[in-house]
Amino acid sequence: MLAMLRTADLQSPAIPLLRAMWRGVRGRCPNCGQGALFYRYLKVSPTCPHCGHDLDQYPSDDGPAYFTILLVGHVVILPLLLFNFIWKAPAAVVVPVVLIPLAVLTLLALPRVKGAVIGVLYTLRVKRQDAALHTTDRLE
Ligand SMILES: [Zn+2]
């Protein structure tokens, strides 16, 4: 498998990881930081409108949903359960008071997390065409 990696893949990334992730969080192209990463809510632009970088080649798949659930679940829901009103107030009050802000927070976080994941994939040079290298499909 190592023989299949190109020499360019082993070189240091053109853009450092945290900078590429931050560009993704801002909804910008991880390559130039100028062009829009998304053309709709979670739809990745096929190419960067500023530099022409192929943005559709990064397979973020379920990663953003997983990390968003991890973030919202551990940072918000777990501490929320420590407040006594959650357990004592009627469900008709708790459900809208908790679920509506939770849904808004999740929907706000999801594109930012997806941008960060694409930034990681950009820096690590993980591309859709290399998917077989990252799974056991290649072993069959
Ligand atoms: Zn760009």
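So, helix H5 has a bend in it: about 30° at Leu110, with a proline, Pro111, following within four residues. The bend at a residue is the angle between axes fitted to the seven residues ending there and the seven starting there. And when I say helix, I mean a DSSP run of H or I with at least four residues, while a strand is a run of E with at least two, and both are numbered from the N terminus.

Quick word on what we're looking at. This is a predicted model, where local features need pLDDT of at least 70, side-chain atom pairs count only at pLDDT 80 or more, and totals for chains, interfaces and linings use all residues. Residues are numbered from 1 along each chain as its sequence is written.

Okay, back to H5. How far apart are the end C-alpha atoms of H5? They sit 46 Å apart, which agrees with the 50 Å that its 34 residues should span at 1.5 Å a residue. The expected span here is 1.5 Å times one less than the number of residues.

H3 gets the same check: its 18 residues should span 26 Å, and its end C-alpha atoms are 25 Å apart, which agrees. H3 has a bend as well, about 35° at Gly73.

Zooming out for a second, the protein chain has five helices and zero strands. From the N terminus on, you read the elements as α-α-α-α-α.

How much of the chain is buried? Buried residues make up 19% of the 140 residues. A residue is buried if 20 or more other C-beta atoms lie within 10 Å of its own, exposed if 12 or fewer, and partly exposed in between, with C-beta atoms placed from the backbone.

Several buried residues are in H5, including Ala109, Pro111, Val117, Ile118, Leu121 and Tyr122. What do the buried residues of H5 pack against? They pack against H2 and H3.

Let's look at the H2 side of that. The axes of H2 and H5 come within 7 Å and cross at roughly 145°. Axes here are lines fitted to C-alpha atoms, for helices over the stretch in contact, and angles run from 0 to 180 degrees between N-to-C directions. H2 passes H5 in a right-handed crossing. Right-handed means the near helix is turned clockwise from the far one by less than a right angle, and left-handed means anticlockwise.

Which residues meet there? Among them are Leu17, Ala20 and Met21 in H2, and Gly115, Ala116 and Gly119 in H5. Two residues are in contact if their C-beta atoms, placed from the backbone, lie within 7 Å.

Staying with cysteines, Cys32 is in the loop between H2 and H3. Cys32 is partly exposed, because it has 15 other C-beta atoms within 10 Å.

Next, backbone angles. Most residues other than glycine have a negative phi. Asp61, though, has a positive phi of about 45° although it is not a glycine. Where is Asp61? In the loop between H2 and H3, which is 63–80. Asp61 counts as exposed, because 12 other C-beta atoms lie within 10 Å.

Just after H5, Arg125 takes a positive phi too, of about 60°. Arg125 is partly exposed, with 17 C-beta neighbours inside 10 Å. Arg125 and Gln57 are 68 residues apart in sequence but 9.7 Å apart in space, C-alpha to C-alpha.

Last stop is Ile86 in H4, residues 84–88. Is Ile86 buried or partly exposed? Partly exposed, since it has 13 other C-beta atoms within 10 Å. Leaving aside neighbours within four places in sequence, Ile86 is in contact with Leu80, Leu81 and Val94.
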